[in-house]
Amino acid sequence: MGGGILTKAEPFKASPRSDFMVEYPYVWNLARTHQLGSVTPEHFFKELERAGSLERLVDMMKRLPSRGRTTRELVRLVWQKEKGESPWPAMKRSVFAIVQPSCPVDHPDRGLQCQLALEPALQQLVQRAAESGWTEDEIAYALLDLAGARLKGQLPSGA
């Protein structure tokens, strides 16, 4: 059909918004903030519709870990937001006590003293990372990379 005057109004075919979409309006922002992909919220709402409630969806995702990884992560983030928790609970409770140096900056044992002061905090950090699902190798390489990057940032250029 070519141009001309429209004589009959066609109904607008927007995708229907479910009650869940109205109840959880922040889901798209969570997905975008955590870079979970633009279709993840759609999958989230389909799974939520199927489960019937957020509680049942969380339970289903725990029992069926083969479901989409990004959707499962979005479920976790929504659940934590609903419960008023931080999405990074390890950061919330990470309080490490570090002993202050007891010798001057130019003392030959100061580096060793720093290692001894940092070791308990490092052990806690490694333990928490392992409890979160990271392997010993992943943790070790991540720490090496982070330490190397920190060191490079503090060295004069060309060194």
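I take helices (H or I, at least four residues) and strands (E, at least two) as DSSP runs, numbered from the N terminus. On that basis I count 8 helices and 0 strands in the protein, and from the N terminus on the elements run α-α-α-α-α-α-α-α.

**Ground rules.** I note that this is a predicted model, in which local features need pLDDT of at least 70 and side-chain atom pairs count only at pLDDT 80 or more, while totals for chains, interfaces and linings use all residues. Residues are numbered from 1 along each chain as its sequence is written, and side-chain values use heavy atoms, with hydrogens and water left out.

**Whole chain.** I looked up burial, where buried means under 20% relative accessible area, exposed over 50%, and partly exposed in between (1.4 Å probe, protein chains only); of the 159 residues, 22% count as buried. For contacts (heavy atoms within 4.5 Å), I find that among those between residues at least 6 apart in sequence, 47% join residues at least 24 apart.

**Aromatic pairs.** I describe a pair of aromatic rings by the distance of the centres and the angle of the planes. Rings of Phe, Tyr and Trp (its six-membered ring) pair if their centres lie within 6.5 Å, and planes under 30 degrees apart count as stacked, over 60 as edge-to-face and the rest as tilted. By this rule I count 3 aromatic pairs. One of them joins Tyr 24 and Tyr 26, which are edge-to-face at 6.4 Å centre to centre with 80 degrees between the planes. Tyr 24 counts as buried because its relative accessibility is 8%, and Tyr 26 counts as buried because its value is 16%. Trp 28 and Phe 45 form a tilted pair, because their ring centres are 5.1 Å apart and their planes stand at 35 degrees. Trp 28 lies in helix H2 (residues 27-33) and Phe 45 in helix H3 (residues 40-51), so this pair ties together parts that are 17 residues apart in sequence. I also note that Trp 28 is partly exposed at 24% relative accessibility, whereas Phe 45 is buried at 3%. Ring pairs link Trp 28, Phe 44 and Phe 45 into a cluster.

**Around helix H5.** I place Glu 82 in helix H5 (residues 69-83), where it is partly exposed with a relative accessible area of 43%. Leaving aside residues up to four places away in sequence, Glu 82 touches Tyr 24, Tyr 26 and Leu 54. Glu 82 and Leu 54 are 28 residues apart in sequence, and their C-alpha atoms are 9.4 Å apart.

**Helix H7.** I read helix H7 as residues 110-131, with 22 residues and a reach of 32 Å from its first C-alpha to its last, close to the 32 Å expected at 1.5 Å a residue; the expected span is 1.5 Å times one less than the number of residues. H7 bends by about 35 degrees at Glu 119, and Pro 120 follows within four residues; the bend is the angle between axes fitted to the seven residues ending there and the seven starting there. Its buried residues are Ala 117, Ala 121, Val 126, Arg 128 and Ala 129. Just after H7, I find Gly 133 with a positive phi of about 110 degrees.
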